[in-house]
Amino acid sequence: MAPLPFLTIAAASLLSYRNAVAIEPRQSSSQYTYVNLAVNTGTSVHRASGVLYGVPDVQGQIPSSFYTGKSAPGGVEIIADVLTSRLLTTCFAVVLRQTRFLEIVSNYETARSYGAQFILKMSDIWGADGTQATTAEWPGDNGSYTEFDRFLAQLVSDVKANSMTAGLKILIWNEPDLGTAFWYPGFTRYLAMWNHAVTYLRTNLPGVPIAGPGFAKPPSTSNSWWTGWLSNIKSSGTAPDIYDWHLEGDISSSVDDLQTTQPVLVSMLESYGLVVGEFSKALGFFCIAKTVIDEYGTSGEQVPSGAAWWISRLERFNMYGIRGNWASGAQLHDFLAGLLGKTDVNSATGTGYFANGEYNVYHYYATTMTGYRVQTTGSTDRLMDCYAVVDSNTVRILVGGRLTTGTYELVIESISSLGLATSGTITVHTYQFAYAGVYTASPMTDLGTVAHTYTGNTLSFPIYQTSTTTTWAFEFPF
């Protein structure tokens, strides 16, 4: 993906000026984002690369190069390894029928062919897609689970018949807490359905991980759906293998941010005596084993800057993430969920795909940012963040603002941990990611290199965020 054309002239003048004179920071403490090169936070496995829907039902419609990172015609590297060894989610708003299930099989096979995991949203196969009639049948109607058991039995049979257990995860129900859009019978019935489904699947599909609750709202001690569900899964022994929820709310609110909600869930899991994971003393927070944000980012955030901000957050908290998909109709199952364009965007079977600006961010992230991660800290206003990795001879840093403008400072600490002197000169290579629209190509721009002087074991330089959509990557050798 490629970010928006930020003011290239301004960027060039910034780099030239930095080469000549050290800029005195004028920012408040809320406008700094930090990298600590001395703290290794683990191997880079690209946790933020999940895709929701976005894959056509016809295998091969999107060329494999867009999944694998191979060169496009002309030798231009525009392909992202967006799915490899990551989470790929798909669902279908239909009642379970064999003909429709074959389309699920197609998406599953596409995912597995690239080494991706596959999350099957069971509620969507049932038909709870927000368009169901008010008279639709729900699990447990009239106190009977006969029809639901028939549904579960068919699901298990089809999964086994199509050899789909490897890499498969099953999400019980999508956003049951979102009014009556996807779950009509109420909270008590939801808990009964959850217990019934988990018990059935654990008996009949042993070893296939179960995900939940898939709530639209983030964890909170004041949210009765969360507190009631946690109490229920503890007492009934139906805790999921993977905890998941959505973060697609108000970007100005602190609750729409992993920095707030991840520690809240840790505390809540502990309070109910549920498994949390191991505490990382180096990072200062719990890493919740097997946790997913299975829909992240509002539609407005699906631009280069927003992508980089979310990558930074998910990586810091060791959370796997799946980008939200805001398309509809046939476009919902195309374009890698808004990362690609094509010649005729209204043709469900059309080809002629190309990468948009945001895709180039994920391409850079997935194919270039390898090695080990290092500790980062976002700005205290929560609007600027960064993700950094170190390989055998290069440091790479991706910065991202959450639809913000202003001047921020990138501070890179512990330079000597690379074997470099505590003061001197470092040549930084800058790449710009701009955005021209979801169905418009916008390539990454190489802005060249600039020599920066540094002292006190710390290198810092400003980020002039004049566009809410553009973002940058910085590299330097050692």
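Among contacts in the protein chain between residues at least 6 apart in sequence, what percentage join residues at least 24 apart? The share is 76%, counted over contacts between residues at least 6 apart in the protein chain, where contact means heavy atoms within 4.5 Å.

## Basis of the model

This is a predicted model, in which local features need pLDDT of at least 70 and side-chain atom pairs count only at pLDDT 80 or more, whereas totals for chains, interfaces and linings use all residues. Residues are numbered from 1 along each chain as its sequence is written, and side-chain values use heavy atoms, with hydrogens and water left out.

## Overall make-up

The protein chain holds ten helices and 21 strands; helices (H or I, at least four residues) and strands (E, at least two) are DSSP runs, numbered from the N terminus. Of the 478 residues in the protein chain, 56% are buried, a term that stands for under 20% relative accessible area, with exposed set at over 50% and partly exposed in between (1.4 Å probe, protein chains only).

Helix 5 runs over residues 146-161, and its 16 residues reach 22 Å from the first C-alpha to the last, close to the 22 Å expected at 1.5 Å a residue; the expected span of a helix is 1.5 Å times one less than its number of residues. The buried residues in helix 5 are Phe 148, Phe 151, Leu 152, Leu 155, Val 156, Asp 158 and Val 159. They lie on the same side of helix 5 because they cover an arc of only 165 degrees around the axis, the arc being that of the directions from the helix axis to the C-beta atoms. Lys 160 and Ala 161 are exposed residues on the face of helix 5 turned away from its buried side. Ser 163, which follows helix 5, has a positive phi, near 50 degrees.

Helix 6 (residues 187-204) has 18 residues, which at 1.5 Å a residue should span 26 Å, and its end C-alpha atoms are 26 Å apart, in agreement with that expectation. Buried in helix 6 are Tyr 190, Leu 191, Met 193, Trp 194, Asn 195, Ala 197, Val 198 and Leu 201. The buried residues of helix 6 pack against helix 5, helix 4 (122-126), helix 7 (224-236), strand 5 (168-171) and strand 6 (210-215). Strand 6 is also the place of Pro 213, which is joined to Gly 212 by a cis peptide bond with omega of about 10 degrees.

## The second largest cavity

A search of the whole structure finds three cavities of 30 Å³ or more. On a 1 Å grid over the protein atoms alone, a cavity is a set of points where a 1.4 Å probe fits but cannot get out, and lining residues have an atom within 4 Å of a point. The second largest cavity contains about 40 Å³ of space, where grid points are joined across faces, edges and corners and a volume is the space filled by probe spheres set on the points.

The lining of the second largest cavity consists of Tyr 296, Gly 297, Thr 298, Glu 301, Gln 302, Gly 306, Ala 307, Trp 310, Arg 323, Glu 358 and Tyr 362. Helix 9 (304-316) and helix 10 (357-367) are the elements that give two or more residues to this lining, and helix 9 gives the most, with three residues. By class, the lining has four nonpolar, four polar and three charged residues, where Ala, Val, Leu, Ile, Met, Phe, Trp, Tyr, Cys and Pro count as nonpolar, Asp, Glu, Lys and Arg as charged, and the others, Gly among them, as polar.

His 46, in the loop between strand 1 (32-43) and strand 2 (50-52), has a positive phi of about 60 degrees although it is not a glycine, and His 46 is buried, with a relative accessible area of 4%. Arg 382, in the loop between strand 14 (372-377) and strand 15 (384-390), is likewise not a glycine and has a positive phi of about 70 degrees; at 14% relative accessibility, Arg 382 counts as buried.

Asn 457 is placed in the loop between strand 19 (445-454) and strand 20 (458-465), and its relative accessibility of 18% makes Asn 457 count as buried. Leaving aside neighbours within four places in sequence, Asn 457 is in contact with Ile 412, Glu 413, Ser 414, Ile 415, Ser 416 and Thr 422. Thr 110, in helix 3 (residues 98-113), is buried with a relative accessible area of 6% and touches Val 55, Gln 59 and Tyr 67, not counting residues up to four places away in sequence.

Technical notes:
On a 1 Å grid over the protein atoms alone, a cavity is a set of points where a 1.4 Å probe fits but cannot get out, and a pocket is an open set with protein on both sides within 12 Å along at least five of seven lines; lining residues have an atom within 4 Å of a point.
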